[in-house]
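Student: Can you walk me through this one? I'd like to start with the metal.

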Amino acid sequence: MSKTDYYIGIDLGGTNIKAGLVNTKGEVIDEREIRTEAEKGPDHVLDRIGRMAKSFQSACEEGVHIAGLGVGVPGQVDTAEGIVQEAPNLPGWKQVKVRKELKSRVNIPASVDNDANLAALGEFAFGAGRGIHEMLMVTLGTGVGGGLILGGRVYHGAMGGAGEFGHMVIERNGPVCNCGRRGCIEAFIGTRGLLQAVKDRLEKGRKSPLSAIPEQSRTPKDISEAAESGDALAREVLREAGDALGVALGSVANLLNIERVVVGGGVAKAGDLILNPAREAMKRTALAVSRETVSLVPALLGNRAGLTGASRLAMLDAGY
Ligand SMILES: [Zn+2]
């Protein structure tokens, strides 16, 4: 009997490590999550990843072969060498040889890429991006992440820095972004930008149930919930955020003539309240050819996009 190949996908975050055993259809057969314990440094984190991989190995039925392991890391990655150059949310991660270190711990071929790129690859291979070749994935959260698929592959650019959709500037003298620059899309639709938009309106005397929530504990989820229950202020904030998003997406469409934009992340759960204005602004901004080509859809894989994308990277590197 021939062996069944499975792949391990790891989504390494600053707080948690999510791991899945994935088959070649992208189905998650087994799934685990543990604390990263990032404060204990790279060796400790790599040990933890190694132990997770081994626990999958020992739980596998006879006839199953784990053919590869992929890791998504929140940072700058040298994908050719499998080295994490820098990861701001992981203390001590500078020039960490992830591929080599994991190979010595678990003896499975390991591949590494940036987590946003792998979320894009996951949606492209197994989710909302199936069947196309040119795609942008946008993740709306505290920050705004991006991953670009061109010609059916993750596009890295000259030095691995491509896909930073969140730092496309849409207003030259706009608000300061988390990156220190002005007017990036993230400064408008990242968590901080959304909450600031609520605060500005409340300070002008606008009425909203959001004023009952103390400023420091307000979240984008509160905005979505208020909007869903009909609050005009919350709806306006999401509409403007969607409009800003759509203007940036229309520019991306003009540059790359992409077929599909896939939007995921917590803030995207506001659904059409943010996506419809984004669609309108995108179509308004895009030139005729790009306008006819491009569509905007919600992500399908939720927080599994990263780990299924990581497993897909391992499959590609194994020649599958
Ligand atoms: Zn920025």
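Tutor: We'll take the zinc site, then the largest pocket. This is a predicted model, where local features need pLDDT of at least 70, side-chain atom pairs count only at pLDDT 80 or more, and totals for chains, interfaces and linings use all residues. Residues are numbered from 1 along each chain as its sequence is written, and side-chain values use heavy atoms, with hydrogens and water left out.

Student: Which residues coordinate the zinc ion?

Tutor: His 167 (ND1), Cys 177 (SG), Cys 179 (SG) and Cys 184 (SG), at 2.0 to 2.4 Å. Donors here are N, O and S atoms within 2.8 Å of the metal (3.2 Å for Na, K and Ca).

Student: What spacing do the donors follow along the chain?

Tutor: H-x9-C-x1-C-x4-C.

Student: And what geometry does the site have?

Tutor: Tetrahedral, with angles of 106 to 118° among the 4 donor atoms. Four donors get that label if all angles lie between 85 and 135 degrees.

Student: Is Cys 177 buried or exposed?

Tutor: Buried, at 3% relative accessible area. Buried means under 20%, exposed over 50%, partly exposed in between (1.4 Å probe, protein chains only). Cys 179 is partly exposed, because its relative accessibility is 29%.

Student: New topic. What volume does the largest pocket have?

Tutor: About 1600 Å³. A pocket is an open set of points on a 1 Å grid over the protein atoms alone, with protein on both sides within 12 Å along at least five of seven lines. Lining residues have an atom within 4 Å of a point. The volume is the space filled by probe spheres set on the points, which are joined across faces, edges and corners.

Student: Which lining residues are closest to the centre?

Tutor: Pro 74, Asp 115, Ala 116, Thr 139 and Gly 145, out of 46.

Conventions
Tetrahedral: all angles 85-135°; square planar, octahedral: opposite > 155°, others 65-115°. 1 Å grid on protein atoms, 1.4 Å probe; cavity = no way out; pocket = protein on both sides within 12 Å on 5 of 7 lines; lining within 4 Å.
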